[in-house]
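Here is a protein to explore by question and answer.

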Amino acid sequence: MLQRQLDVDILVTGHTHQFKAYKHEGGVVINPGSATGAYSSITYDVNPSFVLMDIDGLRVVVYVYELIDGEVKVDKIDFKKTATMHA
């Protein structure tokens, strides 16, 4: 709802301290998690995580860094917005 209200393509949010990213209604919602792995009121089981975003025109690549069992896991999420033409 907030993404629609703000009319944004990328919404970065937080407060859960857990990484989450998903495509939604033509945009993407990202919760980078907690770089320190601080627990939240929801759960004590939190992996330290953060994201880096590479934005180039209509394309964004999100690199997710997450510490899992003592090893850094890196994932990549690629998102490209389709250009809209205005008459």
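Accessible areas come from the Shrake-Rupley method with a 1.4 Å probe, and for residues only the protein chains shown count as cover. This is a predicted model: local features need pLDDT of at least 70, side-chain atom pairs count only at pLDDT 80 or more, and totals for chains, interfaces and linings use all residues. Residues are numbered from 1 along each chain as its sequence is written, and side-chain values use heavy atoms, with hydrogens and water left out.

Q: What share of the accessible surface of the protein belongs to carbon and sulfur atoms?
A: The accessible surface comes to about 6500 Å². The part that belongs to carbon and sulfur atoms is 53%.

Q: In what order do the elements of the protein run from the N terminus on?
A: Helices (H or I, at least four residues) and strands (E, at least two) are DSSP runs, numbered from the N terminus. The protein has one helix and six strands. From the N terminus on, the order is α-β-β-β-β-β-β.

Q: What is the bridge partner of V62 in β6?
A: Strands β5 and β6 pair in the antiparallel sense over ten bridges. In β6, V62 has as its bridge partner I77.

Q: Which residues form the aromatic pair?
A: Rings of Phe, Tyr and Trp (its six-membered ring) pair if their centres lie within 6.5 Å; planes under 30 degrees apart count as stacked, over 60 as edge-to-face and the rest as tilted. A search of the whole structure finds one pair. This pair is stacked, at 4.9 Å centre to centre and 5° between the planes, and its members are F50 and Y65.

Q: How many residues apart are F50 and Y65?
A: F50 is in strand β4 (residues 49–56). Y65 is in strand β5 (residues 59–68). The pair links distant parts of the chain, 15 residues apart.

Q: Is S34 buried or exposed?
A: Buried means under 20% relative accessible area, exposed over 50%, partly exposed in between (1.4 Å probe, protein chains only). S34 lies in the loop between β3 and β4. Its relative accessibility is 7%, so S34 counts as buried.

Q: Which residues is S34 in contact with, leaving aside its neighbours within four places in sequence?
A: Contact means heavy atoms within 4.5 Å. By that rule, S34 is in contact with H17, N47, P48 and S49.

Q: Is D69 buried or exposed?
A: D69 lies in the loop between β5 and β6. D69 has a positive phi of about 50° although it is not a glycine. With 77% relative accessibility, D69 counts as exposed.

Conventions
Pairing = 2+ DSSP bridges.
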